Amino acid sequence: MVENLLTQPIPVIAGSEAGSLWMSTELHGRVRGPKRLPAVEGGAHMDFYDVPKYVDRAVAEATPFFREHLVAESADQG
């Protein structure tokens with residue numbers, strides 16, 4: 001149902017060493033709306049909870065995506 005329900009912009013941020021990377025890749029492939037799939041080099045899934053070097057890189061990847069898509073949508077509605 002991803003193809004029909006997940007149409008809003010979505011960044012799927014994953015670690016290159018995450019055991020769940022295949023799930024992120026599959027999700028990214030099925031999303032029809034604007035999307036981005038950066039893989040943070042060396043990161044595993046749990047690293048994004050509390051390891052600053054991975055959290056900071058994930059935020060750095062997500063921030064421009066959100067700025068582009070959320071600001072544009074807010075301006076269109078205002």
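Colour the chain by secondary structure: there are four helices and four strands. Helices (H or I, at least four residues) and strands (E, at least two) are DSSP runs, numbered from the N terminus. Followed along the sequence, the order of elements is α-β-β-α-β-β-α-α. This is a predicted model, in which local features need pLDDT of at least 70 and side-chain atom pairs count only at pLDDT 80 or more, while totals for chains, interfaces and linings use all residues. Residues are numbered from 1 along each chain as its sequence is written, and side-chain values use heavy atoms, with hydrogens and water left out.

**Whole chain**

Show the C-alpha trace, which spans about 40 × 30 × 15 Å along its principal axes. Of the 78 residues, 28% count as buried. Buried means under 20% relative accessible area, exposed over 50%, and partly exposed in between (1.4 Å probe, protein chains only).

Select the charged side chains next: 7 are positive and 11 negative, and the centres of the two sets lie 3 Å apart. Lys and Arg count as positive and Asp and Glu as negative; His and the chain ends are not counted. The place of a charge is taken as NZ of Lys, CZ of Arg, CG of Asp or CD of Glu.

Contacts are used at several of the stops (heavy atoms within 4.5 Å). Among contacts between residues at least 6 apart in sequence, 66% join residues at least 24 apart.

**Stop 1: the nonpolar core**

Which residues make up the largest nonpolar core? Select Val2, Leu6, Ile10, Val12 and Val31, five residues in all. A nonpolar core is a set of buried Ala, Val, Leu, Ile, Met, Phe, Trp, Tyr and Cys residues joined through side-chain atoms within 4.5 Å. In soluble globular proteins, nonpolar side chains tend to be buried together. Centre on Leu6: leaving out residues up to four places away in sequence, Leu6 touches Leu27, Val31, Arg32 and Gly33.

**Stop 2: Arg30**

Move to Arg30 in helix H2 (residues 21–30). Arg30 is partly exposed, at 30% relative accessible area. Beyond its neighbours within four places in sequence, Arg30 is in contact with Met1, Val2 and Glu3. Draw a C-alpha to C-alpha distance from Arg30 to Glu3: the two are 27 residues apart in sequence and 5.7 Å apart in space.

**Stop 3: two loops**

Select Ala18, in the loop between strand E2 (14–15) and H2, and Ala44, in the loop between strand E4 (39–40) and helix H3 (47–50). Is each buried or partly exposed? Ala18 counts as buried at 10% relative accessibility, whereas Ala44 is partly exposed at 26%.

Not counting residues up to four places away in sequence, Ala18 touches Gly43, Ala44 and His45. With the same exclusion, Ala44 touches Glu17 and Ala18. Two C-alpha distances can be drawn here. Ala44 and Gly19, 25 residues apart in sequence, are separated by 7.2 Å; Ala18 and Val40, 22 residues apart along the chain, are separated by 9.6 Å.

**Stop 4: helix H4**

Ala62 lies in helix H4 and is buried, at 10% relative accessibility. His69 is buried, with a relative accessible area of 15%. Its contacts, leaving aside neighbours within four places in sequence, are with Pro9 and Pro34.

**Stop 5: aromatic pairs**

Finish with the rings. Rings of Phe, Tyr and Trp (its six-membered ring) pair if their centres lie within 6.5 Å; planes under 30 degrees apart count as stacked, over 60 as edge-to-face and the rest as tilted. By this rule there are two aromatic pairs. In Phe48 and Tyr54 the ring centres are 6.3 Å apart and the planes stand at 65 degrees, so the pair is edge-to-face. Phe65 and Phe66 have ring centres 6.2 Å apart and planes at 75 degrees, so this pair is edge-to-face. Tyr54 is buried at 10% relative accessible area. Phe65 counts as buried at 5%, while Phe66 is partly exposed at 38%.
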